[in-house]
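Please consider the sequence and the structure shown here before reading on.

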Amino acid sequence: MSQVCGGIFTSHVPGIGNAIARGLQQEPYWKPFFDGFNPVHQWLAREQPDVAVVFYNDHGLNFFLDKMPTFAIGAASEYRHEDEGWGIAFQRPFIGHPALSWHIIEEVVESEFDPVTCQSMVVDHAVAVPYELCWPGTDPFPVRLVPIAINTVQHPLPSPKRCLAFGRAVGRALKSWKGGEKIVVFGTGGLSHQLEGRRAGFINKDYDHFCLDNIGPNPEALLGHSSLDIVELAGSQGVEILNWIAARGALTGDVVELASNYHVPISNTAAATVLFENRELVPA
Ligand code: DHB
Ligand code: FE
């Protein structure tokens, strides 16, 4: 049987990729953020997951405003990152897991979700930066990827409630997968940030701490706000917390927080990293 061993929730600021490419991890500006990955590295070395299921949002590299799926699931044998205009294209390929992707697609459709299925797909910084943070310099990456994109860009956005339910449907699919793999779930993006307009640079530490305090033990607490409420509370890109909410839904066991790091700012963003262990509940 497969096992969902835990969750890694992290911001995905493109500037982090730039800092990695330039070797700035120990610089005073970056160190407090990168140090948050020390416990993640130790945990990954211990757990050695085989597969990463990554809930993220595409920022226009793969989907643009003219065609924006609410939920999209990759089912390719390989994914690549391309230059998004930052001058960086990460070279390491992301090996896919089409059989698991199709199992997830089958199961979530059975649960009455209607994802777009993507047999060819490029992935942007929202996948590439968390991978670079988790497995620096490891070539090839030691995990196979199932990318799951949620629209946090083109309104109307899915509701937090819908994202949690979608994540739970993915979690049921992972539980019923007969392969023997160890699976780690990612939620990327957030926390509060707004990059454009009059509120550019907007941060809301109170809302961020509310999310950090509740996402593990009580994710339902995050359903009290609509997606538009979250835009107001956390900024127009802070609504990327929807990816965290869905990812949390895919952790169906006893969820225990092992590490948490919150650092403001990284490129106008309240950056956070949280590591959860998912202890499977043993039926009585
Ligand atoms: C930036 C971009 C992002 O996608 C994000 O989540 C945070 C910050 C940026 O361009 O700085
Ligand atoms: Fe983003």
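The model is a predicted one. The protein comprises nine helices and 11 strands. Its radius of gyration is 17 Å, close to the 19 Å that the globule rule gives for 284 residues, so the protein is as compact as a globular protein of that length. Along the principal axes, the C-alpha atoms fill a box of roughly 50 × 40 × 40 Å.

Two packed helices are described by the angle between their axes and the distance between the axes. Helix α1 spans residues 14–21 and helix α5 spans residues 125–134; their axes lie 9 Å apart, at an angle of about 40°. Because of this angle, α1 is oblique to α5. The crossing of the two helices α1 and α5 is left-handed. On the α1 side, Pro14, Ile16, Gly17 and Ile20 take part in the contact, and they meet His125, Ala128, Val129, Glu132 and Leu133 of α5. By class, this contact of α1 with α5 has six nonpolar, two polar and one charged residues.

Ligand 1 is surrounded by 13 residues, of which Val13, Pro14, Gly189, Ser267 and Thr269 are the closest. The table sets out the composition of the two groups of residues by class.

| Group | Nonpolar | Polar | Charged |
|---|---|---|---|
| Contact of α1 with α5 | six residues | two residues | one residue |
| Shell around ligand 1 | three residues | nine residues | one residue |

Terms used:
Residues numbered from 1 in each chain as written. Chains lettered and ligands numbered in written order. Predicted model: local features only at pLDDT ≥ 70, side-chain atom pairs only at ≥ 80, totals over all residues. Axes fitted to C-alpha atoms, helices over the stretch in contact; angles between N-to-C directions. Helix = DSSP H or I, 4+ residues; strand = E, 2+ residues; numbered from the N terminus. Parallel < 35°, antiparallel > 145°, perpendicular 65-115°, else oblique. Left-handed = near helix turned anticlockwise from the far one by under 90°. Contact = placed C-beta atoms within 7 Å. Nonpolar A, V, L, I, M, F, W, Y, C, P; charged D, E, K, R; others polar. Near = placed C-beta within 6 Å. Rg over C-alpha atoms; globule rule 2.2 N^0.38 Å.
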